[in-house]
Amino acid sequence: MKRQLIAAVGVAAMVVGLAACGSDSKPAGGDGKSEAAPTSLTVWLTVDAQQNWPELVKSADDAITAKYPGIKINHEYYGWKDKNTKFDSVLATDSVPDVVEMGNTEMLPYMIKGALAPLDVSKFENSSAWLDGLKASAVYNGKTYGVPYYAGARVATWRKDIAADAGVAAAPTTYAELTAALDKIQAKQGDKFSAWYQPSRDWYTAMSFVTDAGGAIAKQDGDKWKASLSSPEAIKGLTAWKDALGKYMKGDLTKDDADRYIVYGLGQSGMIYGAGWEGGSAADPKFDKTGGKLKENLVSFVMPGPSGKNLSTFLGGSDLAVPVKSKAKTAAAEWINAFTNSKAQETLIKAGNLPNNKTQLAPLKADPKTAATATAAEISWFVPTAPGWLQVEKANVLQNALQDIAQGKKTVEAAAKDADTAIDGLINKA
């Protein structure tokens, strides 16, 4: 799931003075000899855990109380925006939680400013098999500051009734099959219908085309990052993305993806590519304006890429971290391990999530209910873990470039060049 990114300047103000102690701290989860036996542990999670898997929280608590008799474990549950506001307000104090849940896109500013303690990955079950996109979200300058909790992948979802009406009997497995099917759907439905509703400002999808072609938003060279959207590989990916929008997207070319599922529910598009939950949400009676057709006709499948492989996806999800000011780092790391180990992942899988590791992901590919999202999650990418990435985000550099391309205001090459210039001016600034 996509998280709202935190402004770098706000985080910087809250964690002044933390960077040095963060960089010098020993990894949490060690032998605990430098810490007294903890008397309490404070865990901050989002309301997802409280509402959907409270038994998992209790199981992790039980593991810690068994090792540390008499320890008091305190839980606080937050909505995403509330959590961030509260966390920022306590970072400059000694009243920090010992464990805090972070959206994977929220990790970077806290890692940069030294607000989180480095972790010893060997202490966490399945760390060698963590999903690539989640693992990347928790690593900065070679150190790991978070443990992947659970994941969500992006998939294609289309209406089998619309496809069948155009003479398409099965979901595509290659990009050639996909475009052939969309061509038939577009011809059958006419110019006011989007065979594929794809908002132009949805940069997650556009960058998936870029990574599919072997490109990247930016690449690291030593201790610096360099924008690379003008590379031949990135241009190839952007061109494939532009061609798809030009042929199949007949909606508003200034839109982002925030209300994609609502638009899909209106019934004027055959396919979307987005988070796994979006199709189901569109079929909710609150949003389905098709007379109930969506519920019976939606089919999700792995999005094929022009490269011949499955399209590389941006994984949503959460990480768990230990604030550098925690006085119970070892116990905090142990709680996280108990909350994210293989047994815990089974609970999360039953609740409809993807596990944090490839080992437990593998069997889900054989289950028709989870095959699409599980297979999609295998090939994933993450944003550049660069000091100024949030400034790039805040400036809407990618979104504006993509909108210019989609509306024909700039060629792919010109928009990519301008985006590179803007990114280079921001990406290395803390």
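Thr 340 touches Val 147, Pro 148, Tyr 149, Leu 320, Gln 345 and Asn 356, when residues up to four places away in sequence are not counted; contact here means heavy atoms within 4.5 Å. The model is predicted, so local features need pLDDT of at least 70 and side-chain atom pairs count only at pLDDT 80 or more, whereas totals for chains, interfaces and linings use all residues. Residues are numbered from 1 along each chain as its sequence is written, and side-chain values use heavy atoms, with hydrogens and water left out.

Thr 340 is found in helix 15 (residues 329–340). Helices (H or I, at least four residues) and strands (E, at least two) are DSSP runs, numbered from the N terminus. With a relative accessibility of 1%, Thr 340 counts as buried; buried means under 20% relative accessible area, exposed over 50%, and partly exposed in between (1.4 Å probe, protein chains only). The side chain of Thr 340 reaches the backbone oxygen of Ile 336 at 2.8 Å.

Helix 10 (residues 203–212) is mostly covered, as nine of its 10 residues are buried. Among them are Trp 203, Tyr 204, Met 207, Phe 209 and Asp 212. Just after helix 10, Gly 214 takes a positive phi of about 95 degrees.

Four strands form an open sheet with mixed pairing, in the order 8-11-7-12. Its edge strands, strand 8 (194–196) and strand 12 (298–301), each pair on one side only. On average, neighbouring strands of this sheet are turned by 30 degrees against each other, direction ignored. Axes are lines fitted to C-alpha atoms, for helices over the stretch in contact, and angles run from 0 to 180 degrees between N-to-C directions. Strands of a sheet pair through backbone hydrogen bonds, either parallel or antiparallel. Two strands are taken to pair if DSSP finds at least two bridges between them. Strand 7 (residues 154–159) and strand 11 (residues 269–275) run antiparallel and are joined by five bridges. Trp 158 stands opposite Met 271 in strand 11. Helix 9 (residues 175–189) packs on the sheet and touches strand 7, strand 8, strand 11 and strand 12; the direction of helix 9 makes about 165 degrees with that of strand 8.

Side chains of opposite charge can pair when their charged atoms come close. The structure holds 16 salt bridges, each being a side-chain nitrogen of Lys or Arg within 4 Å of a carboxyl oxygen of Asp or Glu. In one of these, Lys 86 pairs with Glu 76, the closest N and O atoms being 3.7 Å apart. Lys 86 is partly exposed at 32% relative accessible area, and Glu 76 is partly exposed at 30%.

A salt bridge also links Lys 358 and Asp 132, with the closest N and O atoms 3.2 Å apart. Because Lys 358 lies in helix 17 (residues 358–361) and Asp 132 in helix 7 (residues 132–137), the pair ties together parts that are 226 residues apart in sequence. Lys 358 is partly exposed at 36%, and Asp 132 is partly exposed at 37%. Between Lys 286 and Asp 284, the closest N and O atoms of the salt bridge are 3.2 Å apart. Lys 286 is exposed, with a relative accessible area of 55%, whereas Asp 284 is partly exposed, with 25%.

Key: Polar contact = N/O pair within 3.5 Å; in protein donor to acceptor, adjacent residues only side chain to side chain.
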